[in-house]
Amino acid sequence: MNHKISLGLALLPLVPATQTRGQEKQDSEHPNIIFIMSDDHAQQAMSIYGHPIGKIAPTPNIDRIGLEGAVFRNNYCCNSISGPSRAAILTGKHSHKNGFMKNWALGFDGSQQTLPKLLQQNGYETAVIGKWHLISKPTGFDHWMILNDQGDYCNPQFITESDTTVHKGYVTDLITKYCEEWMDNGRDKSKPFFLMMHHKAIHRNWVPAERHYHLYENVSFPLPDNYYDAYEGRYAAQLQKMNIYRDMYEGHDLKMVAGIDSDSLLFDPWPHAFMGTMTTEEQRRFLDAYRDRNNEFYSKPRSFKEVAEWKYQRYLQDYMGCVASVDESVGEILDYLKRTGLDKNTIVVYTTDQGFYLGEHGWFDKRFMYEESFGMPMVMRWPGHIKPGTQVTGLTQNIDFAPSFLDMCGISIPKDMQGVSFKELVEKGKTPADWRKSLYYHYYEFPGFHSVRAHYGVKMERYKLMHFYVDDKWELYDLKSDPEEMHNIYGKKGTEKITDRLKAELARLQKQYDVPENLCR
């Protein structure tokens, strides 16, 4: 199946490559940076990571970045939820230090020190286009154009300094278009630039571009081995509400209708944020595109298991349909850089705000410290500095992004940033002997969506310890023998020494990062 489908974007006329190179100062000591971040893009859904899902539905353009640069194999977030992850990236600090601990906090404190402000102060032109999701006005940017709240897939609203306006089109294509327009005509070309290109996709409720409505219609994705996990020995997992076959909204998420040939969606708590943004004709084409599949669902009685697996396939088909447009967008940006000559001195990063569940443990969403949502896939290209095919295996985290980018741009890293630069890891392709051996994680948003209990934890190379502190429940995993984290071995005979070691390391990290005691109980 061919996934390199043209975007068909109505882009402004491009400046010839020779003219662009003549206009711009190509200072190798101050590279441009394009930071492309999608929302909720699981590592399993990037073919460069070799997962069966990625093999069935490849991402050739995202793969290009990694093949021509570096693939991060052990990259993680510090708080697996969108707004807090974005705040950590901007500040280089854990959630309790930057003040944005939950998605529905009071708003990001834009007066504090951030990566774009530091780049601005050192001669960079800065911009953010796409999803912001920090309940605040962006600061530190020469240009900003952000989606309203989560953003809509079809005909989204964009907010600028002067207005809030509906823009006709598919959100991924629009963000790509506006990023190219800014690079063409919206910036001072005598300066290096830092562009944060933030996609709404692949966030819930997974509405593909119209050209991809049928892309995976006849594809069957492999069901995870633990899709019917019973969560034995895992207290918090038993109480969550993010199960695909029990908790997904059948209308909003799965586009299911009331019966054969019905045009009425089943339960949709946010109708204004889905078909409500489509024109009448767009709604008709959408419903027609799903009609045969919805009719087939009602064509015969189905068991609980058959319905559960039907829902999984519908979820993956739509999710990967959204991935396809993001991958096309990445390809368009890479081609743009090449034809304008900007590719030679531009760092290109593709990542997401955290990992995501694609049916593992029966789940969608994120939040837990389990690997699928804690892990944060990332690829990076920097011609002349990162050798093609580099594998970054050291433990890295989203608090490291800001100090790393500053280091790559030759700018001093503020001492109060809690992350560390991974520049040496990508340039040399190996992990220094004194590199960190553990990571700290802390999720705060409880009570909240999906009922995931607040917890903190520590990850080391082989073991992971988690504490659901409100209920005082502990979990310990041996990731070597149990990579799917099905068997909580906390309190089991023979684990005393490793438990003591991890608890000591957890206490050390909380002290190092100055975590207040009142946030740990």
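**Entry 1: ground rules.** I began with a 1 Å grid over the protein atoms alone, on which a cavity is a set of points where a 1.4 Å probe fits but cannot get out, and a pocket is an open set with protein on both sides within 12 Å along at least five of seven lines. Lining residues have an atom within 4 Å of a point. I took a volume as the space filled by probe spheres set on the points, with grid points joined across faces, edges and corners. This is a predicted model, so I kept in mind that local features need pLDDT of at least 70 and side-chain atom pairs count only at pLDDT 80 or more, while totals for chains, interfaces and linings use all residues. Residues are numbered from 1 along each chain as its sequence is written, and side-chain values use heavy atoms, with hydrogens and water left out.

**Entry 2: cavities.** How many cavities of 30 Å³ or more does a search of the whole structure find? I noted four. The largest cavity holds about 60 Å³ of space. Among the residues lining the largest cavity I wrote down Lys-255, Asp-263, Phe-286, Tyr-290 and Arg-291. I sorted that lining into five nonpolar, three polar and three charged residues. For these classes, Ala, Val, Leu, Ile, Met, Phe, Trp, Tyr, Cys and Pro count as nonpolar, Asp, Glu, Lys and Arg as charged, and the others, Gly among them, as polar.

**Entry 3: the largest pocket.** I found a volume of about 900 Å³ for the largest pocket. Its lining has 41 residues, and Asn-74, Tyr-76, Glu-371, Lys-459 and Pro-483 lie nearest the centre. Helix H2 (52-56), strand E3 (75-76), helix H12 (371-374), strand E14 (455-460) and helix H15 (496-512) are the elements giving two or more residues to this lining. Helices (H or I, at least four residues) and strands (E, at least two) are DSSP runs, numbered from the N terminus. Which element gives the most to the lining of the largest pocket? H15 does, with three residues. By class I listed 18 nonpolar, ten polar and 13 charged residues in the lining of the largest pocket.

**Entry 4: the second largest pocket.** Here the volume is about 550 Å³. The second largest pocket has 23 lining residues, with Asp-149, Gln-150, His-203, Arg-204 and Trp-270 nearest its centre. I counted its lining by class as five nonpolar, eleven polar and seven charged residues.

**Entry 5: salt bridges.** I used this rule: a side-chain nitrogen of Lys or Arg within 4 Å of a carboxyl oxygen of Asp or Glu. My search of the whole structure gave 39 salt bridges. One of them joins Lys-137 and Glu-161, with the closest N and O atoms 2.8 Å apart. Lys-137 sits in the loop between E4 and E5, and Glu-161 in the loop between strand E6 (157-159) and strand E7 (164-166), so the pair ties together parts 24 residues apart in sequence. Buried or exposed? I used under 20% relative accessible area for buried, over 50% for exposed and partly exposed in between (1.4 Å probe, protein chains only). Lys-137 counts as partly exposed because its relative accessibility is 48%, and Glu-161 counts as exposed at 55%.

**Entry 6: Lys-464.** I came back to Glu-371, one of the residues nearest the centre of the largest pocket. Lys-464 and Glu-371 meet through their side chains in a salt bridge (2.8 Å, N to O). Lys-464 lies in strand E15 (residues 463-468) and Glu-371 in helix H12, so this pair ties together parts 93 residues apart in sequence. Lys-464 also meets Glu-485 in a salt bridge (2.7 Å, N to O). Why does Lys-464 count as buried? Lys-464 counts as buried because its relative accessible area is 0%; Glu-485 is buried too.

**Entry 7: a network.** I traced a network of salt bridges that links Glu-210, Asp-263, Glu-281, Arg-284, Arg-285, Asp-288 and Arg-291. Asp-263 and Arg-291 were already in my notes as lining residues of the largest cavity.
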